[in-house]
Amino acid sequence: MGQDKAKLPFGESSLLAYQAQKLHDCGLFAQIFVSTKEPRTPLCGTEQILDDTALSSPLVGLHSALSRSPSVLNFVLAVDCPFVQISTIETLLDMATNAQTDAIFCADSAHLHPLIGIYRKSALAGIQTMLARHILRLQAITQFCTFQILHCSPNQMTNCNTPQDYQKAQKLLGEIYGR
């Protein structure tokens, strides 16, 4: 989009603040980390994890977060996907309890969403291989990690990759909250 999506206005705050508040309020997580390239003002008790390399890819943030997280299971949510429902997160967590895979991703009818899911620490081996080979396209993670898929509604998977997507998300937010 050419700008920092985390800082985009969303509702009464920013996309990042909206996501942090949602995860804080749901009470499912003892710790909430924000993976970022640059230091940010902490939100809702979040802790920052700075990217561990200058490469520009969501894969770098995923690697940084998984490397530093003390948890074996880690929920990952892209800042630009604000409509993932708490019930979906609960389902992912339930699935992960018995899963023998490195990750569980959400998918809609058209796309896999690897930045909405649960990752085990075991996924680090595949991610490190990708980074070593300079394979930065996140969708390629399916070739390096074992995974399961949770199918979700397209509205939950709405993201803000383009200005048009962002406007669509703003409109959907208004419909949800009657604004």
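Select Gly-117 to begin. Gly-117 is buried, with a relative accessible area of 0%; here buried means under 20% relative accessible area, exposed means over 50%, and partly exposed lies in between (1.4 Å probe, protein chains only). The residue belongs to strand S7, where helices (H or I, at least four residues) and strands (E, at least two) are DSSP runs numbered from the N terminus. This is a predicted model, in which local features need pLDDT of at least 70, side-chain atom pairs count only at pLDDT 80 or more, and totals for chains, interfaces and linings use all residues. Residues are numbered from 1 along each chain as its sequence is written, and side-chain values use heavy atoms, with hydrogens and water left out.

Gly-117 and Val-76 are 41 residues apart in sequence, yet 5.3 Å separates them in space, C-alpha to C-alpha. Leaving aside neighbours within four places in sequence, Gly-117 is in contact with Asn-74, Phe-75, Val-76, Leu-92, Ile-104 and Phe-105; contact means heavy atoms within 4.5 Å.

Turn next to the aromatic rings. Rings of Phe, Tyr and Trp (its six-membered ring) pair if their centres lie within 6.5 Å; planes under 30 degrees apart count as stacked, over 60 as edge-to-face and the rest as tilted. By this rule the count comes to five aromatic pairs. Select Phe-29 and Phe-75: this pair is stacked, at 5.5 Å centre to centre with 15 degrees between the planes. Phe-29 lies in the loop between helix H1 (15-26) and strand S3 (33-36) and Phe-75 in strand S5 (residues 73-77), so the pair ties together parts that are 46 residues apart in sequence.

Then select Phe-105 and Tyr-119, a tilted aromatic pair with 5.6 Å centre to centre and 50 degrees between the planes. Phe-105 is in strand S6 and Tyr-119 in strand S7, 14 residues apart, and the pair links these distant parts of the chain. Phe-105 is buried at 0% relative accessibility, and Tyr-119 is buried with a relative accessible area of 0%. Phe-10, Tyr-18 and Phe-83 may be selected together, as they form one aromatic cluster.

Strand S7 supplies the largest share of the lining, three residues.

For the last stop, select Thr-36 in strand S3. Thr-36 counts as buried at 4% relative accessibility. Its side chain makes a polar contact with the side chain of Arg-40 (3.0 Å); a polar contact is a pair of N or O atoms within 3.5 Å, and within protein one must be able to donate a hydrogen and the other to accept it, while residues adjacent in sequence count only if both atoms are side-chain atoms. Not counting residues up to four places away in sequence, Thr-36 touches Gln-48, Ile-49, Leu-50 and Asp-51.
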